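I opened this entry to keep track of what I looked up, going from the whole chain down to single residues.

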Amino acid sequence: MQLTIETERLILRPLRVEDVDDLLQYQSHPEIVRYIPWPERTREQVVEALAKTIADSKDSLSESGDFIVLAWELKSTGKVIGQSNSGLESTRDQLVDIGWVTHQDFQRQGYAFEATRALMDYIFKNFPVHRIIANIDTRNPESAKLAEKLGMRREAEFKDSEFFKGDWCSMWLYAILKSEFNSKPSR
Ligand SMILES: CC(C)(COP(=O)(O)OP(=O)(O)OC[C@H]1O[C@@H](n2cnc3c(N)ncnc32)[C@H](O)[C@@H]1OP(=O)(O)O)[C@@H](O)C(=O)NCCC(=O)NCCS
């Protein structure tokens, strides 16, 4: 059965070929891709990346390297306004890396929080996961703020740890353990 998570305003579900036009709107936007490892995608690149995601992504996190990508479909209109990426880094350490993107016209309305909190809840309840982490560029305070609202702890700052899009970047490591996660909604 297809992985679907319902929140107050969103349906989180696997990407579909017909999402291409919604994805193009934000995956081509320079501000959206500034701190994520995608180029400003053309339609062709969105089509290609989408096909690869549909082919390779899973609906469970069982083996190291498994990853789940979920579209955030707005219940009121059916439009895809963002997405979550989560990947199992290690079965031995039960470690998942998580990421988030909100379409530029839908930011600052709490959608990333709503989607990611529900996904974290789903992951902790359904897979043997001990710890969820997020790697966040130190120039991306909106993303760090979201991690903190989700209850994640800033555990480290790695100075100039990545050479990314032409610059040396420092990265924050955020993390939360299953035992620390509170599935009750809070803002
Ligand atoms: C980082 C990012 C995902 C945040 O998205 P977002 O949807 O705006 O994030 P949130 O869900 O936290 O909402 C932000 C604001 O909406 C406010 N808000 C408005 N209505 C709300 C509601 N109904 N519920 C909750 N929050 C609400 C929140 O209070 C919050 O404001 P605050 O930060 O002052 O507390 C977004 O900026 C983004 O896509 N950036 C580009 C991609 C990127 O860099 N991704 C991360 C890579 S690590």
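**Entry 1: the whole chain**

I noted first that this is a predicted model. I then looked at contacts between residues at least 6 apart in sequence, and found that 61% of them join residues at least 24 apart.

I counted the elements next. The protein chain has five helices and eight strands. I wrote down their order along the sequence as β-β-α-α-α-β-β-β-α-β-α-β-β. The radius of gyration is 16 Å, close to the 16 Å that the globule rule gives for 187 residues, so the chain is as compact as a globular protein of that length. For the extent of the C-alpha trace along its principal axes, I have about 40 × 40 × 35 Å.

**Entry 2: surface and charge**

I asked what share of the 187 residues counts as buried. The figure is 47%. The chain exposes about 10100 Å², and carbon and sulfur atoms supply 48% of that area.

I also looked up the charged side chains. There are 25 positive and 30 negative ones. The centres of these two sets lie 5 Å apart.

**Entry 3: helix α1**

I turned to helix α1, which covers residues 20-27. Which of its residues are buried? My list reads V20, D22, L23, Y26 and Q27. Seen down the helix axis, these buried residues fall within an arc of 160 degrees, so they line one face of α1.

I picked S84, which sits in strand β4. Is S84 buried or exposed? Its relative accessible area is 1%, and buried means under 20%, so S84 is buried. Leaving out residues up to four places away in sequence, I found that S84 touches I68, V69, L70, W72, G99 and L119. I also compared S84 with P14: they are 70 residues apart in sequence, and their C-alpha atoms are 9.8 Å apart in space.

With residues up to four places away in sequence not counted, T116 touches W72, I98, W100 and L150. I marked W72 in my notes, as it is listed among the contacts of S84 and among those of T116.

**Entry 4: two positive phi values**

I looked up R108, which is in the loop between β5 and α4. What is its phi? The angle is near 60 degrees, a positive value in a residue other than glycine. R108 has a relative accessible area of 77%, and exposed means over 50%, so R108 is exposed.

D160 lies in strand β7 (residues 153-164). I noted for D160 a positive phi of about 45 degrees, although D160 is not a glycine. At 44% relative accessibility, D160 counts as partly exposed. I closed the page there.

Definitions and conventions
Residues are numbered from 1 along each chain as its sequence is written. This is a predicted model: local features need pLDDT of at least 70, side-chain atom pairs count only at pLDDT 80 or more; totals for chains, interfaces and linings use all residues. Side-chain values use heavy atoms; hydrogens and water are left out. Buried means under 20% relative accessible area, exposed over 50%, partly exposed in between (1.4 Å probe, protein chains only). Helices (H or I, at least four residues) and strands (E, at least two) are DSSP runs, numbered from the N terminus. The arc is that of the directions from the helix axis to the C-beta atoms. The radius of gyration is taken over C-alpha atoms; the globule rule is 2.2 Å times the number of residues to the power 0.38. Contact means heavy atoms within 4.5 Å. Accessible areas come from the Shrake-Rupley method with a 1.4 Å probe; for residues, only the protein chains shown count as cover. Lys and Arg count as positive and Asp and Glu as negative; His and the chain ends are not counted. The place of a charge is taken as NZ of Lys, CZ of Arg, CG of Asp or CD of Glu.
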